[in-house]
Amino acid sequence: MHRRPLLLWAAFAASASAAAAPSPYDESADARADIRRALAAAGAGPRRVLVVFGANWCEDCRRLDQALSSGRTAELMARQFELVKVDVGRFDRNLDLAKAYGDPIRKGIPAAVVLAADERVLFATQAGELSNARRMSASGVHNFFAGVVRHIGQTR
């Protein structure tokens with residue numbers, strides 16, 4: 001008999017924690033300017049620019065962002081990339097930018113592109129490789145991006 005209030009409370013708590021979850025994508029950011037700054041910073045060193053397309057409403061995008069900023073993956077990111085997060089809204093923002101880099105969001109978000117300092121695309125997700133980030137383990141995300149680093153090292 002007391003289950004209903006408990007279920008209502010649990011539903012409220014879950015929705016409150018989802019609303020309180022960090023919003024990794026700045027919806028008012030100038031994505032092109034952010035990428036230009038990252039390209040300039042990458043040009044000064046051996047790092048590349050990692051552009052991650054996503055949205056705050058997307059659980060997979062939030063989970064990927066958490067994975068990118070923790071543990072071994074955070075170390076890999078700091079060592080290898082200038083990270084730029086690009087908000088696509090409800091697929092109504094920055095779509096021209098995604099298309100300019102090969103339309104990696106075509107099969108879902110989050111999606112990623114790695115750019116050289118001269119803005120050449122060195123790698124881009126094309127088949128929704130990250131669109132199930134909530135089901136990827138921390139080591140799975142790390143291994144994915146470690147593979148990207150190996151790939152772009154071979155394509156110089």
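Trainee: What makes two strands count as a pair?

Mentor: Two strands pair if DSSP finds at least two bridges between them. Keep that in mind as we look at this predicted model.

Trainee: Why are S1 and S2 called a pair, then?

Mentor: Strand S1, residues 48-54, and S2 are joined by seven bridges. The cut-off is at least two, so S1 and S2 pair, and they do so in the parallel sense. Within this pair, Val-52 stands opposite Lys-85 of S2.

Trainee: And how do you know that S3 and S4 pair?

Mentor: Apply the cut-off of at least two bridges again. S3 and S4 share three bridges, so they qualify too, but these strands run antiparallel. Here Val-113 stands opposite Ala-124 in S4. S3 and S4 form a hairpin with five residues between them, and Glu-119 in the turn has a positive phi of about 75 degrees.

Trainee: What makes the pairing of the sheet "mixed"?

Mentor: In general, strands of a sheet pair either parallel or antiparallel, through backbone hydrogen bonds. This open sheet of four strands, in the order S2-S1-S3-S4, has mixed pairing: S1 and S2 are parallel, whereas S3 and S4 are antiparallel.

Trainee: Why are S2 and S4 said to stand at the edges?

Mentor: Strand S2 (81-87) and strand S4 (121-124) each have a single partner strand, so one side of each is left without a neighbour in the sheet.

Trainee: Which helices lie across the sheet strands?

Mentor: Among them is H2 (residues 31-43), which lies across S1, S2 and strand S3 and runs at about 175 degrees to S2. Another is H4 (residues 71-80), lying across S1 and S2 at about 105 degrees to S2.

Trainee: Why is Asp-65 called buried?

Mentor: Buried means under 20% relative accessible area. Asp-65 has 16%, so it counts as buried. Asp-65 lies in helix H3 and touches Pro-24 and Lys-85, leaving aside residues up to four places away in sequence.

Trainee: What makes the phi values of Phe-91 and Asn-94 worth a look?

Mentor: Most residues other than glycine have a negative phi. Phe-91, however, has a positive phi near 60 degrees, and Asn-94 has a positive one near 55 degrees.

Trainee: How do you know that the bond from Ile-109 to Pro-110 is cis?

Mentor: That peptide bond has omega near 0 degrees. Pro-110 is in the loop between helix H5 and S3.

Note on methods: Residues numbered from 1 in each chain as written. Predicted model: local features only at pLDDT ≥ 70, side-chain atom pairs only at ≥ 80, totals over all residues. Heavy atoms only, no water. Helix = DSSP H or I, 4+ residues; strand = E, 2+ residues; numbered from the N terminus. Contact = heavy atoms within 4.5 Å. Axes fitted to C-alpha atoms, helices over the stretch in contact; angles between N-to-C directions. Buried < 20%, exposed > 50% of the residue type's maximum accessible area, 1.4 Å probe, protein only.
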